[in-house]
Amino acid sequence: MDQPKGLVGEIGSAVKTEYTNPALNGQTSFTDTQNMSAWIQKIDPGNSITMEFPATVTKTASGSISNTAKITPVTTSGGANLGTLHTNIANVVVQDTNISGFVQTPSLIDFGKINYSPENRLLTNISTIGQLLINHSAPTNYQVSVAYDNDDDNTKIKNETGDTLPPSSDGLMFIKQRESDPTVPGTWKPITSSGTPIQSTFFNATSPNLTNYVGVGDWKLAVNSQAKPGKYTGTLTWAMEDVPN
């Protein structure tokens, strides 16, 4: 099999052929960076094999690298020679690492369980599952914000029967916004549908871990006295926006 441009094999590294029957596995290695071969003893009717091999991506631009393998000679169990066959197309998607985006966002903000009360309450989260990790293409100023839309039926907080939480006069969800560092006390800010920055000043690191901005005690939820029983869930939206220097 010839390697496509943008993909280079590792000389001496194993090329493993995975059969349905592991007793028939075959293995060889690259003879040079662009060519490799592996023997195939038998493919049962209706079955397939997978070839695994290590390679290095040298393509500078993002996109897809495609390739097919040539199998020759091919002989049936009855002894007939089928000549040369080509495999299905294999694609390797190369992603551009020089982009800005979220690597990971919290999957759960947990406010725990409460018993009914005739009073309005403001709950603080007891746990945060997941991290807040981002990648920014350059060490320039940008802002990270979180949004909640209580008018969107697809994202608003509601229980299993569709009951919602009425917001207080100040809002429904709040985040502790820091000034320049997650270790400072911060100021409680309502999370709006347009987005609330997690820090009042800008970030400029290219790959920061911002998990300490969204941990335990960094979120509040307003629970109205008229709230009905149930397990309430909703969706937050994260955004990153560049800011002119």
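Phe102, Trp219 and Trp238 form one aromatic cluster in this predicted model. A pair of aromatic rings is described by the distance of the centres and the angle of the planes. With ring centres required to lie within 6.5 Å, the structure holds four aromatic pairs.

The ring centres of phenylalanine 102 and tryptophan 238 are 6.4 Å apart and the planes stand at 55°, so the pair is classed as tilted. Phenylalanine 102 belongs to strand β11 (residues 101–104), while tryptophan 238 belongs to strand β21 (residues 237–242); the pair therefore ties together parts that are 136 residues apart in sequence. Tryptophan 238, by contrast, is buried, its relative accessible area being 15%; the cut-off for a buried residue is under 20%.

A further aromatic pair consists of phenylalanine 203 and tyrosine 213. Here the centres are 5.5 Å apart and the angle between the planes is 75°, an edge-to-face arrangement, since planes over 60 degrees apart are counted in that class. Both phenylalanine 203 and tyrosine 213 lie in the loop between β19 (196–197) and β20 (219–223), where they are 10 residues apart. Phenylalanine 203 is buried, with a relative accessible area of 8%. Tyrosine 213 is likewise buried, at 6%.

Key: Residues numbered from 1 in each chain as written. Predicted model: local features only at pLDDT ≥ 70, side-chain atom pairs only at ≥ 80, totals over all residues. Heavy atoms only, no water. Phe/Tyr/Trp six-rings, centres within 6.5 Å; stacked < 30°, edge-to-face > 60°. Helix = DSSP H or I, 4+ residues; strand = E, 2+ residues; numbered from the N terminus. Buried < 20%, exposed > 50% of the residue type's maximum accessible area, 1.4 Å probe, protein only.
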